[in-house]
Amino acid sequence: MSIFSRNPDPIGPLDYARRFWLRAIVAVTLFFLYAPIVGLIVFSFNDSRRNIVWRGFTTDYYVKLFNNEALMLAFGNSLTIALFTTLFSTVLGALTAYVLWRYRFPGKAIYEGGMALPIVIPEICMGVAMMVFFARIGWPSGMPWPLNLSAITIAHIAFSFPFAAIVIRARLESFNRELAECARDLGANEYRVFRDIVVPHMKPGLIAGALLAFTLSLDDFVITFFTSGPDTVTFPVKIYSMVRFSVTPEVNAASTVLILLTLVVTAFALRMQNRNNMIGNAAH
Amino acid sequence: MSDEPIIQIKNVSKIFGGTVKAVDEVNLEVKRGEFFALLGPSGCGKTTLLRMLAGFEVPTHGQVIVDGQDMSKVQPNKRPINMVFQSYAVFPHMSVEQNVAYGLKMDRRPAKEIRERVAEALELVKLGGYGKRMPDEMSGGQRQRVALARALVKRPSVLLLDEPLSALDAKLREAMQLELVRLQKTVGITFVIVTHDQSEALSMANRIAVMNAGTVQQVAPPTTLYEQPANRFVADFIGKINMIEGDAVAAGDGQVKVTAPVIGEVTLAGTATGKVALAVRPEKIFVSETKPTDPAVIAVKGKVGEVAYFGSYSNVFFDIGLPAPLQADISNVSSDIEEIIFTAGEEYWVYWRKSDTLVLG
């Protein structure tokens with residue numbers, strides 16, 4: 001074979017996976033994305049207090065974690081807040097999305113823009129604003145559990161329901177309005193149309209919105225930090241305070257649990273959504 | 001059955017945004033048990049009119065009377081009218097059965113009655129046994145049947161159909177045309193169909209209202225509409241037609257004397273005077289190599305221009321010395337190719353009966 005012969009298998013125009021630079025970019029991206037997470041999980045099994053070098057496998061820190069009462073309390077707080085936030089954000093988000101989709105009213109554009117503000121406002125500002133606000137109106141503190149979490153929960157709902165609203169609004173764009181008219185024609189009033197026809201169509205949006213609200217609330221640190229008191233510590237805030245002393249494998253273990261929980265919830269939501277999409281897309 | 005029309009539309013107008021007149025002073029009556037079609041080009045107001053019947057639009061003024069009751073301001077869910085939507089609007093998350101049962105459920109009928117009537121309605125549209133299917137497991141034609149069953153199961157006094165065949169392929173469309181006519185005869189319910197497809201309207205409807213720019217141009221049975229169109233718009237919209245511009249003066253006794261270029265002076269049945277169009281359908285035109293002697297025909301000399309062969313007939317354009325060519329549909333009655341072939345440049349006598357000539361104002 002002479003040196004002038006062509007490469008027997010040249011890279012085709014759509015063979016992106018065979019181009020060196022594209023491969024390199026993908027590899028680097030994946031590395032920086034996943035290496036820290038994998039490291040975190042691996043070192044949660046490290047048998048070393050200082051957690052700098054690998055000293056052998058152990059699950060001790062998971063046992064310790066579940067025996068750490070303060071951490072478990074923070075975990076319970078976080079889940080409670082996330083649950084209420086999810087519930088209220090999804091309902092508020094759905095209603096907001098429906099109103100914006102269904103009706104025309106003066107100042108609609110302004111309202112729509114204003115509603116998205118919590119998404120673009122820096123979180124630190126939201127946090128400070130919330131802290132000042134609750135202090136100014138004298139929101140009662142020291143109430144029994146779970147009422148003591150009300151301030152944090154309200155703050156979480158305020159910043160996460162716009163996300164839910166946007167997701168649900170997007171879903172509504174694909175709604176065939178003839179379906180609603182048809183239900184009306186068959187004898188349904190406005191409420192029945194909403195319940196029987198619009199909500200089932202919204203469902204994938206509702207699930208996505210709920211998932212967003214749940215994860216936003218569960219791992220929120222900044223806003224929570226400003227609105228939480230000594231007796232209302234959440235999981236991320238607690239981890240932060242633990243890190244300030246030292247990064248022990250216990251912190252890694254706690255983070256791993258949080259990751260696992262988020263993954264499970266997400267997988268569950270995606271499953272439900274896929275099923276719904278399959279039904280929803282058949283409409284057209 | 002009373003003779004009172006089931007639908008009376010009285011001086012109905014619909015103005016959108018204060019300026020756009022979608023429907024302009026329309027008066028219409030639909031008889032009980034009739035298959036009625038609203039026909040017109042897109043944007044002529046036919047769909048708006050239908051939506052006012054269904055209750056999705058409120059007339060700006062005028063009355064919509066159904067079964068003797070003014071329905072103009074009644075909510076759509078309170079009207080004895082059901083509609084088959086253009087997209088069929090079959091609820092995707094409900095089975096066929098649930099779809100058909102939905103309207104009866106809204107009426108709070110007992111479960112047993114709902115079951116029976118749903119089964120009956122599905123049988124009627126030949127979907128017996130499909131009750132448990134989901135809409136995504138059905139073809140477009142089947143989904144349309146679901147939409148039909150769902151509307152008919154409520155036993156409305158009027159069934160509205162919005163372009164029901166536009167989404168079907170040609171073959172299915174033809175089958176469905178026959179099916180709709182059969183269905184309408186079986187159930188005896190008044191059907192009002194909106195369509196922009198003239199062949200659909202002509203083949204199915206008992207009477208047709210031709211609309212243009214928000215107004216009704218003519219209401220008539222299909223044959224009258226085709227053979228005696230009331231004006232140029234209807235003549236032009238329904239089928240093909242040749243029009244020769246001329247001037248007419250009244251000649252008494254329901255006749256007019258028309259003077260037109262090439263044709264000269266001719267006395268025809270008609271009432272329109274002033275600037276008129278002499279109109280004749282292409283299939284009513286004959287050709288001959290010799291000048292016809294029958295005084296009851298109008299004959300002109302024509303030179304063959306473009307020819308389109310369609311098998312059973314040929315569409316031939318004759319240059320008769322006017323700006324617009326005269327088109328004739330010549331039936332290919334002979335199998336002798338020599339005899340039926342037209343070659344550009346050949347000259348013939350082109351003629352048609354005076355009684356087939358329309359004088360349109």
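Biologist: Which residue is the bridge partner of B:Y313 in β18(B)?

Modeller: The partner of B:Y313 in β18(B) is B:S331. This is a predicted model in which local features need pLDDT of at least 70 and side-chain atom pairs pLDDT 80 or more, while totals for chains, interfaces and linings use all residues. Residues are numbered from 1 along each chain as written, and chains are lettered from A and ligands numbered from 1 in the order written.

Biologist: How many bridges join β17(B) to β18(B), and in which sense do the strands run?

Modeller: Strands pair if DSSP finds at least two bridges between them. Here β17(B) and β18 (residues 326-331) of chain B are antiparallel, with six bridges. Within this pair, B:F317 stands opposite B:Q327 of β18(B). The two strands make a hairpin with six residues between them, and B:G321 in its turn has a positive phi of about 85°.

Biologist: What pairs with β17(B) over five bridges?

Modeller: Strand β16 (residues 297-309) of chain B does, in the antiparallel sense, with β17 spanning residues 313-319 of chain B. Strands (E, at least two residues) and helices (H or I, at least four) are DSSP runs numbered from the N terminus.

Biologist: How is the packing of α8(A) on α9(A) to be read?

Modeller: Two packed helices are described by the angle and the distance between their axes. The axes of α8 (residues 177-185) and α9 (residues 190-218), both of chain A, come within 10 Å and cross at roughly 135°. α8(A) is therefore oblique to α9(A); angles under 35 degrees are roughly parallel, over 145 roughly antiparallel, 65 to 115 roughly perpendicular and the rest oblique.

Biologist: Which residues make the contact between α8(A) and α9(A)?

Modeller: From α8(A) come A:L179, A:A180, A:A183 and A:R184, and from α9(A) come A:R192, A:V193, A:D196, A:I197 and A:V198. Contact requires C-beta atoms, placed from the backbone, within 7 Å. By class, this contact has six nonpolar, no polar and three charged residues.

Biologist: How many residues does each chain give to the contact between chains B and A?

Modeller: Chain B gives 21 residues and chain A gives 18 residues. On the side of chain B that touches chain A, β6 (81-84) and α2 (96-106) each supply at least two residues. The largest share on that side, three residues, belongs to α2(B).

Conventions: Axes are lines fitted to C-alpha atoms, for helices over the stretch in contact, and angles run from 0 to 180 degrees between N-to-C directions. Two residues are in contact if their C-beta atoms, placed from the backbone, lie within 7 Å. Ala, Val, Leu, Ile, Met, Phe, Trp, Tyr, Cys and Pro count as nonpolar, Asp, Glu, Lys and Arg as charged, and the others, Gly among them, as polar.
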